[in-house]
Amino acid sequence: MVTFSGFVKRSFLGTLIMAVVFSGGLLFSGQLRQLVPLHNISVQTVHTTTQTPVDRKSLPECPETPPNINEPVKLNLTNITLDELRKKYPSHPGDIYRPEGCRSRVRLAVIIPYRDREQHLVVLLNNLIPFLNKQQADFTIYVTEQTPGGIFNRGLMINAGVAAALKADNFTCIVIHDVDLIPETSDNYYRCRENPLHLSTASAKYGYKLPYPSYAGGNIAISPSQFKRINGFSNWYFGWGGEDDDFEIRVKTVGMRLKRNPPKQGRYYAIKHERDKLNPENHKKGLLFKSIRRRMKTEGLSSLHCNTTVSHHGTVTWLTIAIDKQYYNSSIKY
């Protein structure tokens, strides 16, 4: 049964807002074909200035190759606030960005796993929004923030973001995006292919080359059906490292291949930063690698246990994720 109750809470932007809380949650059932309610979600809304609504059905379809796509990217590393971003890049209701004058061929959900990196986030958004606008994408950006305290879990933040996005809209492509990677080339198309696509193949963090041949960290474009097929990311990697290698093995196990951007297209500027003290290296990842193929059908998107608070801020949809630590403390087996 779904129950409702009202409460008042201070949002990320410091505005008092009224929210509705309901017992629900996000999981896939059976063959992962549909979402079913399971855990707690609360919904918050912030009033924002939005783009003027238009009749999308009357617009022509956008061209396969966007105009002026080969113009060089100009990185903007200046400081900016979330309030300034919302005024600079007004969205449609629901934090949706759409191209002007045509109907996009793609509906993107951009998932940014996040904690305590606001300075990097605003710089990324100040570059990513115009980058995707230029590609004539129809997109919504989801920032998935893990609540304070506890060791960071990137894979679980990705799963929670994807589950919330697929419940909210009929997205055709998911882009998993690290908060510190900014695209340097305009022809790096954020589109899904027949196989998952590794976008950030040439990051400045690693001297514009892959750190090792099977590397799958950074930014990935993957369709909803592909994500469900591998049961998403593992939820068992608390701390830095391992979840991306686990992901790469899942892709191969189901018979897909991780395609890669050519290095000239996959170039990314990497914002320098110190590692979060609550994101230490995961020294048990090697033990988890041994069980990937055995557990992947039941451990991942389908076993997601968390509480998700959804806040609409105009520029992004903000997801605050509280992990069910008791569940994972008892379920993880090395």
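**Close-up 1. Phe227 and the residues around it.** In this predicted model, Phe227 touches Ile158, Asn159, Val162, Ile174, Ile176, Ile222, Gly232, Phe233 and Leu301, leaving aside residues up to four places away in sequence. Phe227 also belongs to the largest nonpolar core, where it is listed with Leu156, Ile176, Ile222 and Phe247 among the residues with the most contacts inside that core.

Close-up 2. Two or more residues come from each of β7 (107-114), α3 (154-168), β9 (173-176), β13 (220-222), α5 (243-253), β16 (306-312) and β17 (317-323). Helix α3 gives the most, with nine residues. Apart from this core lies another one of 37 residues, including Leu125, Leu132, Val143 and Leu199.

**Close-up 3. Tyr142 and Phe171, an edge-to-face pair.** A pair of aromatic rings is described by the distance of the centres and the angle of the planes. The count of aromatic pairs in the model comes to eleven. For Tyr142 and Phe171, the centres are 6.0 Å apart and the planes make an angle of 80 degrees, an edge-to-face arrangement. What does the pair tie together? Tyr142 lies in strand β8 (residues 138-146) and Phe171 in the loop between α3 and β9, so the pair ties together parts that are 29 residues apart in sequence.

**Close-up 4. Tyr327 and Tyr328, another edge-to-face pair.** The rings of Tyr327 and Tyr328 have their centres 4.9 Å apart, with 85 degrees between the planes. How do the two partners stand in accessibility, buried or partly exposed? Tyr327 has 27% relative accessibility and so counts as partly exposed, while Tyr328, at 2%, counts as buried.

**Close-up 5. A tyrosine cluster.** Look here for Tyr206, Tyr212 and Tyr215, which ring pairs link into a cluster.

Key. Residues numbered from 1 in each chain as written. Predicted model: local features only at pLDDT ≥ 70, side-chain atom pairs only at ≥ 80, totals over all residues. Heavy atoms only, no water. Core = buried A, V, L, I, M, F, W, Y, C linked by side-chain atoms within 4.5 Å. Buried < 20%, exposed > 50% of the residue type's maximum accessible area, 1.4 Å probe, protein only. Helix = DSSP H or I, 4+ residues; strand = E, 2+ residues; numbered from the N terminus. Contact = heavy atoms within 4.5 Å. Phe/Tyr/Trp six-rings, centres within 6.5 Å; stacked < 30°, edge-to-face > 60°.
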